[in-house]
Amino acid sequence: MSAVVYEQREVRRARYAVAAVFAVHGAVTGSFATRVPWIQDHAGVSAGQLGLALAFPAIGASVAMPLAGRISHRFGARPALRGLISLWTIALILPSLSPNLWTLCLALFVYGATAGMADVAMNALGVEVENRLGKSIMSGLHGMWSVGALVGSAGGTLAAHLGADARLHHGLAAASLTVLGLVACQWVLDLRPTQDEEPPPRFALPPKSALLIGAVGFCAVFAEGAALDWSAVYLRDRLETSAGLAAACTTGFMLTMALARIAGDAVVDRFGAVRTVRAGGVLAVLGGLLIVVAKQPAVAMAGFALMGAGIAVVVPLCFAAAGRSGPNPSQAIAGVATITYTSGLVAPSAIGGLAQLTSLVVSFGLVTVLACGLVAFAGVLRSGERDRRRTSQPDTAVPGPRP
């Protein structure tokens with residue numbers, strides 16, 4: 001009995017450790033995003049060139065994410081996450097050091113590659129902790145990522161307001177976040193492969209199950225990318241609001257996402273992943289309709305808030321379902337992550353291109369249609385849900401780390 005209690009404590013401690021790693025990962029993203037104007041000026045690139053450069057993080061992530069499973073297999077989950085999260089935090093420094101377009105593209109490729117590999121590794125560990133606890137935690141973990149992103153962006157906003165050099169700001173942020181990441185990694189689960197377990201391939205096509213799950217994630221991330229990059233523009237250009245109110249709309253969208261993710265685990269445990277995503281899809285569709293028909297800023301802001309709440313838990317649940325969908329969780333998670341990263345890459349340019357041809361109203365009409373996919377195809381997230389619930393029986397021993 002004491003061994004079981006010890007193992008339960010170890011898993012609970014691992015949950016908080018992984019949550020801290022998620023927050024560190026998000027803080028890097030928030031720190032970078034707020035200094036993009038400084039980086040643009042320092043590299044001397046135009047708006048079009050900056051748009052090209054900002055495609056490279058998604059390209060780097062898509063290329064490198066399949067490697068995360070092999071790295072974890074070779075070194076073990078804890079050392080792999082320790083190394084990958086450190087590479088990611090250190091990569092924060094690279095874009096601000098870039099003097100021209102080509103070095104900026106290279107820096108952002110490395111930045112995205114390290115981000116993607118760390119993303120896969122921490123989500124795989126999060127799924128393992130969730131399975132051992134027998135209850136949903138992935139939504140809360142992604143909520144911690146959102147909290148970290150908000151903290152990082154707040155620090156970046158302060159640095160920009162003070163006129164701080166982004167090289168100094170990112171150097172200090174990288175050093176602090178590296179230390180925090182290394183400390184948190186001391187308590188994550190140290191999973192090791194069995195002696196007869198085959199290493200995952202360096203590169204492999206995502207399994208069919210990951211493609212179906214990834215399609216649901218694609219719909220959610222498309223809406224997220226559209227709202228994050230275009231909500232302020234929508235209010236400013238379509239509804240003629242002030243720049244401050246337009247920016248507040250984007251902040252409100254991010255806050256509703258963060259709050260919904262933190263509260264999402266209790267909802268998932270009560271109603272299940274499928275019904276939660278379907279209900280979220282309904283909220284997202286209602287939000288999209290409000291955005292499309294809005295004549296007043298308050299209506300559009302309410303629509304973006306509803307959309308943020310509706311899509312908030314979808315990606316965490318997609319990762320959780322992928323991790324339970326087959327014999328190789330890292331490969332399935334990498335497949336889903338690749339699809340969602342691609343959606344995040346496609347969404348801003350697709351919205352802009354369609355708006356150029358028609359209008360932003362039509363663009364967000366497309367977002368609303370894609371949100372309907374969350375309602376229609378949520379059933380693919382049922383994979384492994386019953387198995388996870390069976391592990392939640394009160395007298396079931398929590399397994400220790402694999403030898």
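**View 1. A nonpolar surface patch made by V282, L283, L286, L289 and V375**. In this predicted model, the patch covers about 370 Å². Patch members have over 30% relative accessible area and no salt bridge, and their nonpolar side chains (Val, Leu, Ile, Met, Phe, Trp, Tyr) are joined within 5 Å; a salt bridge is a side-chain nitrogen of Lys or Arg within 4 Å of a carboxyl oxygen of Asp or Glu. Areas come from the Shrake-Rupley method with a 1.4 Å probe. Helix α13 (residues 273-293) gives the most to the patch, with four residues. Helices are DSSP runs (H or I, at least four residues), numbered from the N terminus. L289 lies in helix α13 and is partly exposed, at 45% relative accessible area (between 20%, under which a residue is buried, and 50%, over which it is exposed).

**View 2. The aromatic pair of Y234 and F364**. The whole structure holds six aromatic pairs (ring centres of Phe, Tyr or the six-membered ring of Trp within 6.5 Å). Y234 and F364 pair edge-to-face, with 5.3 Å between centres and 80° between planes (edge-to-face means over 60 degrees). Y234 belongs to helix α11 (residues 208-238) and F364 to helix α17 (residues 360-377), so the pair ties together parts 130 residues apart in sequence. Y234 is buried, at 0% relative accessible area, and F364 is buried, at 0%.

**View 3. An aromatic cluster of F32, W88 and Y111**. These three residues form one cluster.

**Notes.** Residues are numbered from 1 along each chain as its sequence is written. Local features need pLDDT of at least 70, side-chain atom pairs count only at pLDDT 80 or more, totals for chains, interfaces and linings use all residues, and side-chain values use heavy atoms, without hydrogens and water.

How values were computed: Phe/Tyr/Trp six-rings, centres within 6.5 Å; stacked < 30°, edge-to-face > 60°. Helix = DSSP H or I, 4+ residues; strand = E, 2+ residues; numbered from the N terminus. Buried < 20%, exposed > 50% of the residue type's maximum accessible area, 1.4 Å probe, protein only. Patch = residues over 30% accessible without salt bridge, like charges linked within 9 Å, V, L, I, M, F, W, Y side chains within 5 Å.
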